[in-house]
Amino acid sequence: MTFDKETPFPSLYTLAPTMGAALIILFARPGTMVGRLLSGRVPVAVGLVSYSAYLWHQPLFAFARHRSLTELNSVVLASLVAVTFVLAYVTWRYVETPFRQKSRVSKGVLWRSAVTSAVVLATFAAGLQATAGTFQSRITSDAQKLFRAFTCMFEQDQTYHTLLIHHCDQPSASIGPEGAGPPRPSTRYILYGDSIAAHLYPGLLSRIPESDIIQLTGGACRAMRSIDTPRCRDFYDWFVGEYVPNKMTTTDVVLVSSSWLSDYTRLGDHNFRVKLNELFERLQGRRVLVFSMAASLKADIPRYHYKLAKFGYGVPALLEMDDGTAWTTRCMTHERAMSRALAEEFGDQVLSPP
């Protein structure tokens, strides 16, 4: 009753319910209070249909959550529980019970049924495995192309060397045989940061020629040196230690964006400012434009987009989120403080998306 989604499981915590169940089985004898309680008609009835209920509840709850735009409310949950037990009784009465009676179901029928079921399941699993790649979300695929994921936004299983392999450190128009291409523009825009920065690329591209934009971004690698993983640490050190002093001119502009709110919440105001100052010091002498974070939701927007189209929903005027009020209040407080910290450090160089 005290475990939640943050509880490591399986782990040592798993001993609590398993040892508890073992102790009940061991000591719930007819003469004990627990034994008498569990031998009542209701617990015994639940026990009889429990396996069928276990099998039924998973698809019922899974498909209900898949179909719903919001978290299932208590009325829907109670209804699903009731339907689960009705179906559990039916399958216990007309499937489980007959199969347990040798006079009604022979051993041959039992084996043929088992083998047929196994073949059907194996065929289905093999087909699913073979075709799973074709079901990749179109929205995810399109987003990856827009962000240039796995190329100019290196991902979790990649390092910043991916950027060099794909020539992201130079404008795309300049890539050619022996560097042949148009002359270097007087001003280039270097987009730097994590995936929050990468998502700005399509918009910038609509206003700035592709030959004038350089995208140097890394998934989950903040613009500041705030995440001490090797891939992110090396990316930061390479950018401020090698790229900025050696590849940039005084006319180039660094466009910096990152998951500032996540860092601010995790580091606190003081440490956030320290890390921010470290970045700013390494970029001194260069023109820097810092993008504040756009509004975001905890919701999986592509999933909602899919459901709206798939199930013919109208766009709701209000979409309630679980624990939305508390999260929104906390988020707004941190966002204001984070924006104030950015503005104080970078002044007019901070751009706040609408």
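I will go through the disulfides one at a time, and then the pairing.

A word on the source: this is a predicted model. How many disulfides does a search of the whole structure find? The search gives two.

Start with Cys152 and Cys168. Their sulfur atoms are 2.0 Å apart, and they form a disulfide. This pair links distant parts of the chain, 16 residues apart. Cys152 is in the loop between helix H6, 138-147, and strand E1, 153-154. Cys168 is in the loop between helix H7, 161-165, and strand E2, 189-193. As for handedness, the torsion about the S-S bond is about -90°, so the disulfide of Cys152 and Cys168 is left-handed. Cys152 and Cys168 are both buried.

Next, Cys221 and Cys232. These two are joined by a disulfide, with an S to S distance of 2.1 Å. Cys221 sits in the loop between strand E3, 213-218, and helix H10, 230-247, while Cys232 is in helix H10 itself, so the pair ties together parts 11 residues apart in sequence. The torsion about the S-S bond of Cys221 and Cys232 is about -80°, so this disulfide is left-handed.

Are Cys221 and Cys232 buried or exposed? Cys221 has a relative accessible area of 0%, so Cys221 is buried. Cys232 comes out at 6% relative accessibility and therefore counts as buried; the cut-off for buried is under 20%.

Last, the pairing. With the bonded cysteines of the protein chain numbered in sequence order, the pattern is 1-2, 3-4.

That is what I have.

Key. Residues are numbered from 1 along each chain as its sequence is written. This is a predicted model: local features need pLDDT of at least 70, side-chain atom pairs count only at pLDDT 80 or more; totals for chains, interfaces and linings use all residues. Side-chain values use heavy atoms; hydrogens and water are left out. A disulfide is a pair of cysteine sulfur atoms within 2.5 Å. Helices (H or I, at least four residues) and strands (E, at least two) are DSSP runs, numbered from the N terminus. Buried means under 20% relative accessible area, exposed over 50%, partly exposed in between (1.4 Å probe, protein chains only).
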